[in-house]
Amino acid sequence: GSLYVSEYFSQSAQKLSFYSWYGNAKLFHFHVPEDTVLLRWLLQASRGKGPECTSMEITVHFRHGAPPVINPLGTRFPANATVRPSYNISITLSSAVQNTTFVNVSTPAAGDWFIAAHLPEAAGRIEVKGFSTPCPYMFQADMFVLRLTDMPVLEPGVPMPHTVVSPAKPLHVKVFVPKHASGMRFQLSSCVTSEQRACTVRVLLGSITLPQSFQRSLTCTGSINCSLALDSPPWEKWLQIMVESLGTANASVSLEMLASFTVCRPGSTSSFLNFISLNQSQAGARPGAAGSSAPSAGEAPHNASGQRSSCLQSQPVVREDLDVVSVRYRLLNGPSVPVNSLSPTLLLLNLNTGMDSGGSLVVNLLLNKTSVSLANATVVACVSAASPVLSLNTTRNCSTAFSQGYPLSVSTSSGEAMLIVLYPQTDDWFLSLQLLCPRGQGDCSSAEAKVTVFAYLTPCFNDCGPYGQCSLLRRHGYLYAGCSCKAGWGGWSCTDDTKAQTVGTQNLATLLLTLSNLMFLPAIAVAVYRYYLVEASVYTYTMFFSTFYHACDQPGVAVMCIMDYDTLQYCDFLGSVVSIWVTILCMARVKKVLKYVLFILGTLLIAMSLQLDRRGVWNMMGPCLFALVIMVTAWVHHGAKRRHCYPSSWKRWVFYLLPGITLAFIAISVYAFMETNENYYYTHSIWHVLVACSVAFLLPPRDKHKKPWAWSQKLTCRYQICQNDREELYAVT
């Protein structure tokens, strides 16, 4: 009997995120070995036990060959991108803390398989780290495979007898598809049961791939010949064939199988000429003019006649790696490709390194209209994986034996065409081109068109445009790219303007967030008037960096960065926390030496904590609470020493302290609980205004022995105005 081996592959669990862009989807990357007959996914989802954890639906996407192309938000894709729906399932976490789901795939395709999991759409509320504890939703994917170690090989052109033991034990065989195979014919004959009755069997050719599977099925009854013809089988790959009996449980079935191939003889420039052309292009010729050297006059007619008699014309293509997930394809004979009606012109686009599936494949065709001798002639093209489409003039549906390609066409009326393949699967990709002539128009066999081909792999199409940022994502050693959109734009490449902000809205947002910082001017004026010059300097620093940080932080076109973004952000956060720190310490009315020591020491500690975790809530709350403790302690000390409430004036409480504290609490509430991505520009502007106004109210009055600014006294030439700088506890009025 056959020997089966089971293997188990596991990856660490990942914490799921609510979905707003592809970076929120957690990716799992597995490799299915050859000769696998059964694949089983074990999907484990769990959630925390806290009260913040509610019922949740987790969406899991599957794809063979590349990461799944998903669209949970229902946004638009780029104009020339052809997208097929992903295969997905939903896992619900309701009352149960954990959910285990199995997904079985029989006769799966070998190679890379990807799983992407995510939570529903993000709410858009800006969470302040530390104020709320989000519920952890965890997801883990494990893979079991059942592999046949001694799968029989079906040799092309050689009939092979086999026996299907029982319906419970199907027969698995494989056949190797040679390169340049244009067609395959599978034939099953001499099918009889052990009881000498007419047998019924089902034959499955090919492997299952997700999201779309093109596995071919054939049901054979009786001993008559049963056959299936396939166009463009996958080149240089093993093709699995499974035969299962549909008869009685105890009866075995004997049969005979035969596989034959039709091989296409390519016509192309000789390898020696390609090598010479490549050497010349590397020696200093421009990339666009590479391969400009032509064969000698004596060789040209012979080569042309050879190309006319072959079933495809292969054009040499050089793959040039530029960066991570960035490849350019260079045609050795120049970017212009000759296309005729007798046989398709073929270009190989190599994407089989295993690290190319995380970008976007872009193919651009440009027809030289002056090269087309026949009016209304059309050049049809097809981009396909694993094997090329070699019958463009008859099928036109751009399909191969086990996959569906992407059609393109250029004509004299529409001379340019573009195709974007998002996350192309790991494989050899082919571009086939052929000239189609309308009936009754001239001699089509002698006509030829020149098509300029530009093909490249890029991490993000058009670099996500002006309203997006291309981010390189990583899962273990696998790299892939995604677009993070801003200013209300959405979609795979940030081309969906359904919810986009207008330029006027962007300008308004920038003006509100920057000009609202000018509300610090009254606080600065009050501080200077009351001789709090250090505090005034801190407020000036905060106002300056907050203004230019928000001018640089804008998502749209109204952006101005005077220095590095990260530096501006750090200085803004530092200034905000230090402003609160010095204001509360100033209210404490401690001795000057102690106050300035606390100013410096606190600023240094705040700078350190912000470097450790810039967005942690305790970076702001910690200094605030510590300063409040110092202030309350100082006020209690003052009150106990004077034997009455401190500050003693009811006017100070009613007209300054209570309004200032109220404004501060409203500001904290707006900052912590009301900000969302949509209302950020005005809620955060309100935060700026409220904080600046509260500072102006909370600053204590100047010491009584301090006289108001008198510039005439300050500018005297011979005499210096001396003041009493003794540290005394004056009553606050």
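Is C226 buried or exposed in this structure? C226 is buried, with a relative accessible area of 10%, where buried stands for under 20% relative accessible area, exposed for over 50%, and partly exposed for what lies in between (1.4 Å probe, protein chains only).

The model described here is predicted, so local features need pLDDT of at least 70 and side-chain atom pairs count only at pLDDT 80 or more, while totals for chains, interfaces and linings use all residues. Residues are numbered from 1 along each chain as its sequence is written, and side-chain values use heavy atoms, with hydrogens and water left out.

## Disulfides

A disulfide is a covalent bond between the sulfur atoms of two cysteines. In this report the term is applied to a pair of cysteine sulfur atoms within 2.5 Å, and the structure holds 8 disulfides.

| Pair | S to S distance |
|---|---|
| C53 and C135 | 1.9 Å |
| C220 and C226 | 2.2 Å |
| C552 and C561 | 1.9 Å |

The link of C53 and C135 is right-handed, with 105 degrees about the S-S bond. Because C53 lies in the loop between β5 (36-47) and β6 (56-64), and C135 in the loop between β9 (111-121) and β10 (137-148), the pair ties together parts that are 82 residues apart in sequence. The strands named here, like the helices further on, are DSSP runs numbered from the N terminus, a helix being H or I over at least four residues and a strand being E over at least two. Both C53 and C135 are buried.

The link of C220 and C226 is left-handed, with -80 degrees about the S-S bond.

C552 is buried, with a relative accessible area of 8%, whereas C561 counts as partly exposed at 42% relative accessibility.

## Helices and annotated spans

Two packed helices are described by the angle between their axes and the distance between the axes. Here the axes are lines fitted to C-alpha atoms, for helices over the stretch in contact, and the angles run from 0 to 180 degrees between N-to-C directions.

Helix α5 (residues 533-552) packs with helix α6 (residues 565-588) at an angle of about 150 degrees, and their axes are 8 Å apart. The two helices, α5 and α6, are therefore roughly antiparallel to each other, a word kept for angles over 145 degrees, while those under 35 count as roughly parallel, those of 65 to 115 as roughly perpendicular and the rest as oblique. α5 passes α6 in a left-handed crossing, which is the name used if the near helix is turned anticlockwise from the far one by less than a right angle, right-handed being used if it is turned clockwise.

Helix α6 also packs with helix α7 (residues 592-612), again at an angle of about 150 degrees, with their axes 10 Å apart. α6 and α7 are therefore roughly antiparallel to each other, and α6 passes α7 in a right-handed crossing.

An unreviewed UniProt entry gives the annotation "transmembrane region" to several spans, including residues 593-612 and 653-674; such annotations may be inferred rather than shown by experiment. Residues 593-612 are 100% helix and 0% strand, and their end C-alpha atoms lie 29 Å apart. Over residues 653-674 the chain is likewise 100% helix and 0% strand, with the end C-alpha atoms 28 Å apart.

The feature "domain: EGF-like" is placed by UniProt (unreviewed entry) at residues 456-495. That span, residues 456-495, is 0% helix and 48% strand, and its end C-alpha atoms lie 20 Å apart.

## Loop residues

A79 sits in the loop between β6 and β7 (87-93) and is exposed, with a relative accessible area of 81%. The C-alpha atoms of A79 and I420 are separated by 8.8 Å, although the two residues are 341 residues apart along the chain.

P211 is found in the loop between β14 (200-205) and β15 (216-221), and the peptide bond from L210 to P211 is cis, with omega near 15 degrees.

D35, in the loop between β4 (26-32) and β5, has a positive phi of about 65 degrees although it is not a glycine, and D35 counts as buried at 13% relative accessibility. A386, in the loop between β26 (378-385) and β27 (406-411), has a positive phi of about 75 degrees although it is not a glycine, and A386 is buried, with a relative accessible area of 13%.
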